[in-house]
Amino acid sequence: MGTLNGLFSQILQGEEAVRECAIKFLSSKLPLELLTKDAEEFLLSETRKVLADVTRDEFVTFMHILAGLQSLQTVSGRQQLVDLVVEQAELSKPFQADDSNCVDRLMDCVRQAMPLFSRNVQSTKFVTYVCAAVLPCLNAVTSSVEERDVQLEILKLLAEMSPYCGDVDISCLTNLYTCLLEYMPVPPAEVENEENGGVQTGEPQLQFSYVECLMFAFHQIARKRTDFLTAEENADRLKDFRTRLQFFARGLQVYIKQLRLALQGKTGEQLKTAELHRGPSQANGCFTFNTEPHQENKIKVVALRTTSNINVLIKDLFHNPPSYKSAVGLSWKPTTKPSGDTEGTKRAGSATLVQETVPAKRMASRPKHHERSIYHPPGGKYSERVGRAPTGGEFNANQWGFGQRRGGWRGRGQGLGRGQY
């Protein structure tokens, strides 16, 4: 106990260099498994004081220390850790979309809390904040790293949190639904082409990775508020949604067919490739398949997982009334067997693509009812960052180019403090 008291005295009152050495010793030399219950309580109490003014790296370090305490391995212990993260996220303050420091703080806190969420330790506070404060201004969210698709990262975090969310206010679900509709266009109007004498249709850009995140989150949260689509006063909403689902599914089926044909006969070794290549042609979250063949295969595998997930969710939501029984594994997460944590769910047959040989499959021909031009999605319009955003566990502050820049979560010393994110 005396050692801990001395270390925290140096952390709270010592100079910068002394503080850093004490934190380093605490994280690397302290035998957590030998601490008594009283020592663990003292460590938690003193850490709360330290967290009133820490940098990003210090926050991650202390969360790692606390997560190793035996007394915090229970449900109530994990809830205490989540509450600490909620305090650091400052969810009571307005979200500033144009402030990259505010955006980074929220995302870092969600990543620290993610491994702690479960059926009994809910993510409701974070999900509510993202839906209420972030989604309405998602297009204005900025990042301090130029090539970072921070909007997609936020949506991925929302999707990962949504299975552990409890009941939310109807306004939050409305915001989520509205954001989803922005990426699910209505069927374009057919216009006469005077030059060719034919019919032209608009070709809206389908952002599959954004839709997967938003539709998955909606599918998880709306199951607790089924009247959002089925109530009598919401009949027009359901009709519009079904129209959008049907149109999106048409383009989706074409794209899935193209991907399956492209991957026909590929072996597991051909599909196990290195990291995706970033280049000038992948700006603004889209890319074309102009990379090396083995990299192109990797992109198409992830694209097939994403589109297959959306296809399963659309089938569920297109039921009358909408169903929320199917379970899918998010495309950027490692493929795992269903754990059975979610009640009332069934396995999604083709939602997860296993990296094995893709068998050639003859498509059954269907009779043509009438000649009609069908929308073909733009080739290769797809987010290159699928599967690349860090999720869960510890956050590496250097991963996105932040280096060792000091970032104050709260100004130390009456605002002079430890700098800003």
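Where is the place of proline 321?

A: The model is predicted. Proline 321 sits in the loop between helix 14 (293-317) and strand 3 (326-327). A cis peptide bond joins asparagine 320 to proline 321. Omega there is about 0°. Most peptide bonds are trans.

Another loop residue also deserves a look, this time for its phi. Glutamate 90 lies in the loop between helix 5 (75-89) and helix 6. Its phi is near 55°, a positive value in a residue other than glycine. Most residues other than glycine have a negative phi. Glutamate 90 is buried, because its relative accessible area is 15% and the cut-off is under 20%. Its side chain meets that of lysine 93 in a salt bridge, at 3.4 Å from N to O. Lysine 93 counts as partly exposed, at 45% relative accessibility.

Next, the charged pairs. Side chains of opposite charge can pair when their charged atoms come close. A search of the whole structure finds eleven salt bridges. One of them pairs glutamate 58 with arginine 19, at 3.0 Å from N to O. Glutamate 58 belongs to helix 4 (residues 56-67) and arginine 19 to helix 2 (residues 16-28), so this pair ties together parts that are 39 residues apart in sequence. Both glutamate 58 and arginine 19 are buried.

Helix 4 supplies another partner. Arginine 56 forms a salt bridge with aspartate 108, and the closest N and O atoms are 2.6 Å apart. Aspartate 108 lies in helix 6 and arginine 56 in helix 4, so the pair ties together parts that are 52 residues apart in sequence. Aspartate 108 counts as buried at 3% relative accessibility. Arginine 56 counts as buried at 7%.

Salt bridges that share partners join Arg56, Asp104, Asp108, Arg111, Arg148 and Glu153 into one network. Glu153 is among the buried residues of helix 8.

That brings us to helix 8. Twelve of its twelve residues are buried, among them Val150, Gln151, Leu152 and Lys156. The buried residues pack against helix 6 (100-113), helix 7 (124-134), helix 9 (170-182) and helix 10. The length of helix 8 can be checked too. At 1.5 Å a residue, the twelve residues of helix 8 (residues 150-161) should span 16 Å. The end C-alpha atoms are 17 Å apart, which agrees.

Glutamate 212 is buried yet has no salt bridge. The nearest side chain of opposite charge is arginine 305, 7.0 Å away. A salt bridge needs the nitrogen within 4 Å of a carboxyl oxygen. Leaving aside residues up to four places away in sequence, glutamate 212 touches Thr306, Asn309, Ile310, Leu330, Ser331 and Trp332.

Finally, a helix pair. Two packed helices are described by the angle between their axes and the distance between the axes. Helix 1 (residues 2-13) and helix 3 (residues 37-50) pack at an angle of about 5°, with axes 11 Å apart. That makes helix 1 roughly parallel to helix 3. On the helix 1 side, the contacts come from Leu4, Asn5, Phe8, Ile11 and Leu12. On the helix 3 side, they come from Ala39, Phe42, Leu43, Glu46, Thr47, Lys49 and Val50.

Note on methods
Residues numbered from 1 in each chain as written. Predicted model: local features only at pLDDT ≥ 70, side-chain atom pairs only at ≥ 80, totals over all residues. Heavy atoms only, no water. Buried < 20%, exposed > 50% of the residue type's maximum accessible area, 1.4 Å probe, protein only. Lys, Arg positive; Asp, Glu negative; His and termini not counted. Contact = heavy atoms within 4.5 Å. Helix = DSSP H or I, 4+ residues; strand = E, 2+ residues; numbered from the N terminus. Expected span 1.5 Å × (residues − 1). Axes fitted to C-alpha atoms, helices over the stretch in contact; angles between N-to-C directions. Parallel < 35°, antiparallel > 145°, perpendicular 65-115°, else oblique.
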